[in-house]
Amino acid sequence: MEKNAMTAGVAPGGLISTTEIRALICYIFDAIPDPVPGQKLADMLFYEGLANCFEVNDSIAFLEKQGHIKLVDKAEDTYTITPTGRSIAKTLGSDVPFTVRQRAYTIALQLVSRIRNAKETDISISSENGTTYITCSALDGEKPFMSVKLLVSDEAQARFIQEKFIDDPTKIYSGIIDLLTK
């Protein structure tokens, strides 16, 4: 297979073929039922050493132009697969090494889950009389079904807590209920 993709930042075993990168993108978009954010996916694949970020972005633009994926929300930069893209995923997806497909799928699933979690939470950081607070709420529609206000040492700690809360608000909710009902 030709090696025609930029390889900067690609770890050994990562993708160095434009064709493989395009097949991987179709595979991911086919496997994930929710819209997938293009730029964030490119960043995560690069961070994991699976593909060059610029190559992923170029491949997303190419696949969209060819009608294999479609832009769902320009503001959120999210895409879904089209029937022709699904065909590419089925035909060429197995050309991408299994371990790369699995790592990329896991990354994309976490990314989409995190975006969904962020939409289902409301988090505010405030300062009152020189004291920093963070309020984390899990939402059911637009109504909070759980809110926790915490005194934190500074805004950096608040941001850390915010990220952990968005990672898995259900786990935090379940943990609180468990602690309160034991």
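Asp34 and Arg116 form a salt bridge, with their closest N and O atoms 2.3 Å apart; a salt bridge here is a side-chain nitrogen of Lys or Arg within 4 Å of a carboxyl oxygen of Asp or Glu. The pair links distant parts of the chain, 82 residues apart: Asp34 sits in the loop between H1 and strand S1 (36-37), and Arg116 in helix H5. Helices (H or I, at least four residues) and strands (E, at least two) are DSSP runs, numbered from the N terminus. Asp34 is partly exposed at 25% relative accessibility, and Arg116 is partly exposed with a relative accessible area of 38%. For these words, buried means under 20% relative accessible area, exposed over 50%, and partly exposed in between (1.4 Å probe, protein chains only).

Before going further, a word on what you are looking at. This is a predicted model, in which local features need pLDDT of at least 70 and side-chain atom pairs count only at pLDDT 80 or more, while totals for chains, interfaces and linings use all residues. Residues are numbered from 1 along each chain as its sequence is written, and side-chain values use heavy atoms, with hydrogens and water left out.

Let us stay with the charged pairs. Side chains of opposite charge can pair when their charged atoms come close. A search of the whole structure finds 10 salt bridges. One of them joins the side chains of Asp30 and Arg86, at 2.7 Å from N to O. Here too the pair links distant parts of the chain, with Asp30 in helix H1 and Arg86 in helix H4 (residues 83-92), 56 residues apart. Asp30 is buried, with a relative accessible area of 17%, whereas Arg86 is partly exposed at 36% relative accessibility.

Now turn to the nonpolar side chains. In soluble globular proteins, nonpolar side chains tend to be buried together. A nonpolar core is a set of buried Ala, Val, Leu, Ile, Met, Phe, Trp, Tyr and Cys residues joined through side-chain atoms within 4.5 Å. The largest one in this model has 31 residues, and those with the most contacts inside it are Leu24, Ile28, Phe29, Leu41, Leu45 and Val56. Two or more residues of this core come from each of helix H1 (18-31), helix H2 (38-47), helix H3 (53-65), strand S3 (78-81) and helix H5 (98-119). H1 gives the largest share, 8 residues. Apart from this core lies another, of 9 residues, among them Ile134, Ala138, Phe165 and Ile166.

Leaving aside neighbours within four places in sequence, Val56 is in contact (heavy atoms within 4.5 Å) with Ile21, Ile25, Ala42, Leu45 and Ala51.

The loop between H2 and H3 holds Asn52, which is buried, with a relative accessible area of 2%. A polar atom of the Asn52 side chain lies 2.8 Å from the backbone nitrogen of Phe54.

What of the cysteines? A disulfide is a pair of cysteine sulfur atoms within 2.5 Å, and a search of the whole structure finds 0 of them. The sulfur of Cys26 has its closest cysteine sulfur in Cys53, at 18 Å, which is too far for a bond. Cys26 is buried at 0% relative accessibility, and Cys53 also counts as buried, at 14%.

Finally, look at the strands. Strand S2 (residues 69-73) and S3 run antiparallel, joined by 4 bridges; two strands pair if DSSP finds at least two bridges between them. Ile69 stands opposite Ile81 in S3. The hairpin of S2 and S3 has 4 residues between the strands, and within this hairpin Asp77 takes a positive phi near 55 degrees. Glu76 has its C-alpha atom 9.9 Å from that of Ile115, although the two are 39 residues apart along the chain. Ile115 is found in helix H5 and counts as partly exposed, at 22% relative accessibility.

Key:
Polar contact = N/O pair within 3.5 Å; in protein donor to acceptor, adjacent residues only side chain to side chain.
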